[in-house]
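Morning, everyone. Please look at the screen while I go through one protein.

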Amino acid sequence: MTSPTTPTPRPAQTWWRRPWIAPLMLVAAAFLVFSVPPYLTGDPADSRLPAPPGNDLYHPLLVAHVLFGTVAMVTACFQVWPAFRTRHRRGHRITGRVYVYAGVLPAGLLGLYIGWHTAAGPSVRVANLVGSALWLLVTLIGLRAARQRRFGDHRRWMSRSFALAMSIVLSRVITVVATIVLTPQLDTTFGGSREMLTFSTASIGVWLSPLLLLLLTDWLLDRRGAGARDARTAATRVA
């Protein structure tokens, strides 16, 4: 018969135990530095997304969408940082509320409007509408789980919300790759229409990026869950 022992405290998590957090923040910062400034001038001519003719509301709402999206992306990086979540639980709760109420909800709702009025064709329109609605949905499910103190479910759903928040970054990368791959087919597949090529590559980016990130997120969550179950099983056998 073994005598009871005091559980060994878990070591404090440090950033180098999660080497992906620094590159993640650098990628997010680089994307924001490149993408946000044109929308801070107040001049629609600087926008990378042209406003539909006669729609004076589009550009101000686009700027608001970009700014709220920036809040979401910055706070999301802190939300998924394990050391910050473990050491600064009050900070985690505060940034979580900022992420939801000053990031996802306004950015997602505005994204529905911006997506509906896109000039990039029907495929991109549907992708933007589905992406914004899905972002809002998974975030609200995660928020509800936290309020019900189902923190395991909360973490899973908010991980999916984070994946959708970051999908815009991957979308730009995929669009560039698709453009490089498909440009030689400009005169054949696209009949010489550069507009059709642009719409097609944008469509590939906005559809493929959230799908890939959600698949990766769920794979990582399942892998981590399996590892935790194996560890509990081994501990039970030792006891």
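Two notes before that. This is a predicted model, with local features needing pLDDT of at least 70 and side-chain atom pairs counting only at pLDDT 80 or more, while totals for chains, interfaces and linings use all residues. Residues are numbered from 1 along each chain as its sequence is written, and side-chain values use heavy atoms, with hydrogens and water left out.

The fold, then. The protein has 7 helices and 0 strands. Helices here are DSSP runs of H or I, at least four residues, and strands are runs of E, at least two, numbered from the N terminus. Read from the N terminus, the order is α-α-α-α-α-α-α. Of the 239 residues, 37% count as buried. Buried means under 20% relative accessible area, exposed means over 50%, and partly exposed is in between, using a 1.4 Å probe and protein chains only. Now contacts, meaning heavy atoms within 4.5 Å. Take those between residues at least 6 apart in sequence: 67% of them join residues at least 24 apart.

Next, helix geometry. The expected span of a helix is 1.5 Å times one less than its number of residues. H4 has 28 residues and reaches 38 Å between its first and last C-alpha, close to the expected 40 Å. H4 also has a kink of about 30 degrees, centred on Tyr-99. The bend at a residue is the angle between axes fitted to the seven residues ending there and the seven starting there.

H5 has 26 residues and reaches 38 Å from first C-alpha to last, close to the 38 Å expected. Its buried residues include Val-124, Ala-127, Trp-135, Leu-136 and Leu-143.

H6 covers residues 151-182. Its 32 residues should span 46 Å, and its end C-alpha atoms are 44 Å apart, which agrees. H6 bends by about 40 degrees at Ser-167.

What comes after H5? Arg-149 follows H5, with a positive phi. Arg-149 lies in the loop between H5 and H6. Its phi is about 60 degrees although Arg-149 is not a glycine. Arg-149 counts as exposed because its relative accessibility is 63%.

On to the cores. A nonpolar core is a set of buried Ala, Val, Leu, Ile, Met, Phe, Trp, Tyr and Cys residues joined through side-chain atoms within 4.5 Å. In soluble globular proteins, nonpolar side chains tend to be buried together. Which residues have the most contacts inside the largest core here? They are Leu-24, Met-73, Tyr-99, Trp-135 and Met-166, in a core of 32 residues. H1 (21-35), H2 (58-79), H4 (89-116), H5 (122-147) and H6 each supply at least two residues of this core. H2 gives the most, with 8 residues. Leaving out residues up to four places away in sequence, Leu-24 touches Cys-77, Val-80, Phe-162 and Met-166. Apart from this core lies another, of 5 residues, among them Ala-120, Ala-127, Ala-202 and Val-206.

Gln-79 is in helix H2. Gln-79 counts as buried because its relative accessibility is 13%. Beyond four places in sequence, Gln-79 touches Arg-85, His-92, Thr-95 and Gly-96.

Arg-85 lies in helix H3, residues 82-87. Buried or exposed? Arg-85 is buried, with a relative accessible area of 18%. Beyond four places in sequence, Arg-85 touches Gln-79, Val-80, His-92 and Arg-155.

Then Tyr-58, in helix H2. Tyr-58 is buried, with a relative accessible area of 2%. Setting aside neighbours within four places in sequence, Tyr-58 contacts Leu-49, Pro-50, Ala-51, Pro-52, Tyr-113, Ile-114 and His-117. Tyr-58 and Pro-44 are 14 residues apart in sequence and 9.5 Å apart in space, C-alpha to C-alpha.

Last, the rings. A charge sits over a ring if NZ of Lys or CZ of Arg is within 6 Å of the ring centre and within 35 degrees of the ring normal. Arg-48 has its charged end over the ring of Phe-34, 4.4 Å from the centre. Arg-125 lies over the face of Trp-116, 5.8 Å from the ring centre.

That's my tour. Over to you.
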